[in-house]
Amino acid sequence: MSEINPSNELQALSVEARAKRRQVLLDEFEERPTDSQLWQAAYEWVRAEGDHPEQASIAADISADELITMADTVRNTPQAERYNLMAQRASNGKYWFDVIEGFSSSKVREGQGNVIRSWVNNSDNPSHFYNALDVGTGVGKSLAILEGSANNVVGLERNPELLKIAKERAGAHTGLVQGSAEQLPFDDASFDLISSQGLRAALDKQATKNFLRELARVLVPGGIYIEGHYLHNEDGLHPEMARFIETSKAMLSDMIGDSTSGALTRIDCLSPEEEEEFLADLGLREEYYDQPDEDGVSHTLITLITKEIQGPHEDDPLSLEIVTVLGELYAEHGFDDKTLEDIKSLPFAEALETAYGYLTQAGLNADEILAQFIEADN
Ligand SMILES: C[S@@+](CC[C@H](N)C(=O)[O-])C[C@H]1O[C@@H](n2cnc3c(N)ncnc32)[C@H](O)[C@@H]1O
């Protein structure tokens, strides 16, 4: 606590030194998110800085009193109900979810979009996505990236109030569904592209395992899951994180955001080693994409989880192709659940015959589709 200066001492410091003090307070807050002395210090700093709106800074047009009242309200509201407060409007007409800003980052979304595009442009991968899902979509900020990459897009959100805002904002053809990441209300193999941002920060170990199990279930073989994170690296904070120490209002906004999301109060989480092992058992493979900025500094990390195509025909490229194509067709036309599993368990000749049956049944030209792959193999 020795580093948390009273507001009068803070005023005497340079701009840089004040930003450093705010970072110290936020670091302490990460350790002790319910420590009321830290909250009181933050309130004092916000009051001392007053209501002069700094053009680009977070919550600049919200008065000190209004921001402090919201901080108190969040602290006095049970964790599970805090996102409801973010679906209310502040006096500037914006939803609190947008005022607070820290729930997601446009830079991270950009990074996710880049990985999706490079995946599509890589000829070894499917050249198109059919069904995409954003899990924990909040007010739907990530849906636009998916809308540009897939035929059908669905956002899933647990909180009904945030979901209402997502519905106001989403494109006419985007589906919005209330539900939990731990029990996705979708059939097996329903999506070939799934994304999330800021969801897993609040999931403890058991909830994470439940979510990953659900991912493995609803992804088609060959499908991908893309998750974006901020990076703290040796060269400094992610630029969007650095904005939270520019002013004391921004700092208090960060504290409100973290208290709402539950990121600092979750009890235990899956270690990277445990996660890798858990994913491997589910037939999922995890890799990371570092996203350097124009200046070459990496601030955004994307986790890409791929559902591998498995089965007795793994060494056979033709049967692999059939399973991949069926996976995509499945996503597009919604075959019944057992289709892919059935086909993967059959000897090759039978797999071909069964695939033929399913394609025909779905009203597709099976001869043309399969001939294309047989030709490619010869
Ligand atoms: C930090 S916010 C990010 C929102 C959104 N992805 C964005 O980028 O703006 C996390 C969101 O995940 C939702 N969430 C948390 N746990 C969830 C769960 N188990 N199932 C579904 N949604 C969940 C929260 O309600 C919240 O909207």
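Ala189 sits in the loop between strand E3 (175-178) and strand E4 (191-197). Helices here (H or I, at least four residues) and strands (E, at least two) are DSSP runs, numbered from the N terminus. The model is a predicted one, so local features need pLDDT of at least 70 and side-chain atom pairs count only at pLDDT 80 or more, while totals for chains, interfaces and linings use all residues. Residue numbers start from 1 along each chain as its sequence is written.

Phi of Ala189 is near 50°, a positive value in a residue other than glycine. Most residues other than glycine have a negative phi. Ala189 is also buried, with 24 other C-beta atoms within 10 Å. Buried means that 20 or more other C-beta atoms lie within 10 Å of the residue's own, against 12 or fewer for exposed and partly exposed in between, with C-beta atoms placed from the backbone.

Ala59 belongs to the loop between helix H3 (36-49) and helix H4 (64-75), and Ala59 is buried, with 29 other C-beta atoms within 10 Å.

The contact (C-beta atoms, placed from the backbone, within 7 Å) is made by Trp39, Tyr43, Val46 and Arg47 of H3 and by Ala64, Leu67, Ile68, Ala71 and Arg75 of H4. By type, these residues come out as seven nonpolar, no polar and two charged, with Ala, Val, Leu, Ile, Met, Phe, Trp, Tyr, Cys and Pro counted as nonpolar, Asp, Glu, Lys and Arg as charged, and the others, Gly among them, as polar.

Further along comes helix H7 (residues 106-121), whose 16 residues should span 22 Å at 1.5 Å a residue; its end C-alpha atoms are 22 Å apart, which agrees. The expected span is 1.5 Å times one less than the number of residues. Val108, Gly111, Gln112, Gly113, Ile116 and Trp119 are the buried residues of H7.

Overall, the chain has 17 helices and seven strands, and 37% of its 378 residues are buried.

Technical notes: Two residues are in contact if their C-beta atoms, placed from the backbone, lie within 7 Å.
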